[in-house]
Amino acid sequence: MTPDLLEAGTRRAESRRAALQADRLNTASGGRSASGSRVANPGEVDVTHGRILYLENVSVSFDGFKAINKLSLDIAPGELRCIIGPNGAGKTTMMDIITGKTRPDEGTAFFGSTIDLLRHKEAEIAQLGIGRKFQKPTVFEQLTVFENLELALKTNKGVASSLFFKLDSAQSDRIAHILTLIRLASSASRPAGSLSHGQKQWLEIGMLLTQDPKLLLLDEPVAGMTDDETERTAELFLSLKGQHSLVVVEHDMSFIRTISEIVTVLCDGSVLAQGTLDEVQADERVIEVYLGR
Ligand SMILES: Nc1ncnc2c1ncn2[C@@H]1O[C@H](COP(=O)(O)OP(=O)(O)OP(=O)(O)O)[C@@H](O)[C@H]1O
Ligand SMILES: [Mg+2]
């Protein structure tokens, strides 16, 4: 075991002990500790308070420049939230903070009501059930579509040597289901390198889905896609909604129109407006920042 894993294990044991103690106190007082950072088992995220993700007053500066400035955000379980905003608004940095890539200078970030994201490292956050899709697809080009999904599943299971790993029937069914979802069932035996840009993006989303993430963060998922691929991606996201919570950052407004319920507009590192796409597009402040840059 690596020192990192040892350290993570010790910390998990410590926070479990603290959580148990907090629970005992809570039972006595009849309430829940507001500052509790109980670590749920992977797959168990406490959403009883109606939130899968909760950011409050989060700020981060790079060399004195405030990229995120007192950002607060609330995402409900099963929600598909769209985030828009001009270049440099802080959208990607916000995802960096949620996934533990960047530590904020101040603020609060919770996954469900008990998991304090700021106490976890990037790899732990992925294990806890937050999947992230970067803009550029990173599939293994020489492997087939099926092998890519198989590998993602194994990596998730922590199988160090994949040589002796055989998929059980539930795992094979899961891959078959994902292949259908991402519309690559008929391309399962093709090398990933031969796929179109859009298909590679779907494959990468499929690889994330093998981990069954509770929350999926997608940064500009349709950039570079054809109109047809963009439409199919909208259908895919709509079909994922409900079972997963999705936070989608995009500049493509017709895509946003197809998938969105609530749209959050970020500007200068904080929320400028929030509402339906029609509402935010009619907002003078939003028009100003889009026209002014
Ligand atoms: N690691 C970093 N070091 C220094 N500055 C950074 C760093 N990461 C982001 N920034 C700056 O923070 C601001 C927000 O950047 P960010 O990438 O989050 O914007 P964005 O909303 O994702 O923009 P885009 O729509 O162009 O992708 C930018 O001014 C960027 O230059
Ligand atoms: Mg960005």
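The questions and answers below go through a predicted model of one protein.

Q: How many helices and strands does the protein have, and what share of its residues is buried?
A: In this predicted model, the secondary structure consists of 10 helices and 10 strands. A residue counts as buried if 20 or more other C-beta atoms lie within 10 Å of its own. Of the 293 residues in the protein, the share that is buried is 38%.

Q: How many bridges join strand β1 to strand β2?
A: Strand β1 covers residues 53–62 and strand β2 covers residues 65–75, and the two run antiparallel. Among the opposite positions, V60 stands across from I68 in β2, while L55 has L73 of β2 as its bridge partner. The number of bridges that join the two strands is seven.

Q: Which residue in the hairpin of β1 and β2 takes a positive phi near 50°?
A: Most residues other than glycine have a negative phi. The hairpin of β1 and β2 has two residues between the strands, and the residue there with a positive phi near 50° is D63.

Q: Is K70 buried, partly exposed or exposed?
A: K70 lies in strand β2 and has a positive phi of about 50° although it is not a glycine. A residue is buried with 20 or more other C-beta atoms within 10 Å of its own and exposed with 12 or fewer. Because K70 has 14 other C-beta atoms within 10 Å, K70 is partly exposed.

Q: Where is R183, which has a positive phi although it is not a glycine?
A: The phi of R183 is about 60°. With 17 other C-beta atoms within 10 Å, R183 is partly exposed. The place of R183 is in the loop between α5 and α6.

Q: Why are the buried residues of α7 on the same side of the helix, and which residues are exposed on the face turned away from them?
A: Helix α7, residues 227–240, reaches 20 Å from its first C-alpha to its last, close to the 20 Å expected for its 14 residues at 1.5 Å a residue. Its buried residues are T233, A234, L236 and F237. They cover an arc of only 165° around the axis, which puts them on the same side of α7. The face turned away from the buried side carries the exposed residues D227, D228 and S239.

Q: How far apart in space are L80 and G242?
A: L80 belongs to strand β3, and β3 is one of the elements that cover the buried residues of α7. L80 is itself buried, with 22 other C-beta atoms within 10 Å, and its contacts beyond four places in sequence include F237 and K241. Although L80 and G242 are 162 residues apart in sequence, their C-alpha to C-alpha distance is 8.1 Å.

Q: Which helix gives the largest share of the shell around ligand 1?
A: The residues that surround ligand 1 include F62, A67, N87 and K91. The shell divides into three nonpolar, six polar and one charged residue. The largest share, three residues, comes from helix α2.

Notes
Residues are numbered from 1 along each chain as its sequence is written. Chains are lettered from A and ligands numbered from 1 in the order in which they are written. This is a predicted model: local features need pLDDT of at least 70, side-chain atom pairs count only at pLDDT 80 or more; totals for chains, interfaces and linings use all residues. A residue is near a molecule or strand if its C-beta atom, placed from the backbone, lies within 6 Å of it. Helices (H or I, at least four residues) and strands (E, at least two) are DSSP runs, numbered from the N terminus. Ala, Val, Leu, Ile, Met, Phe, Trp, Tyr, Cys and Pro count as nonpolar, Asp, Glu, Lys and Arg as charged, and the others, Gly among them, as polar. Two strands pair if DSSP finds at least two bridges between them. The expected span of a helix is 1.5 Å times one less than its number of residues. The arc is that of the directions from the helix axis to the C-beta atoms. Two residues are in contact if their C-beta atoms, placed from the backbone, lie within 7 Å.
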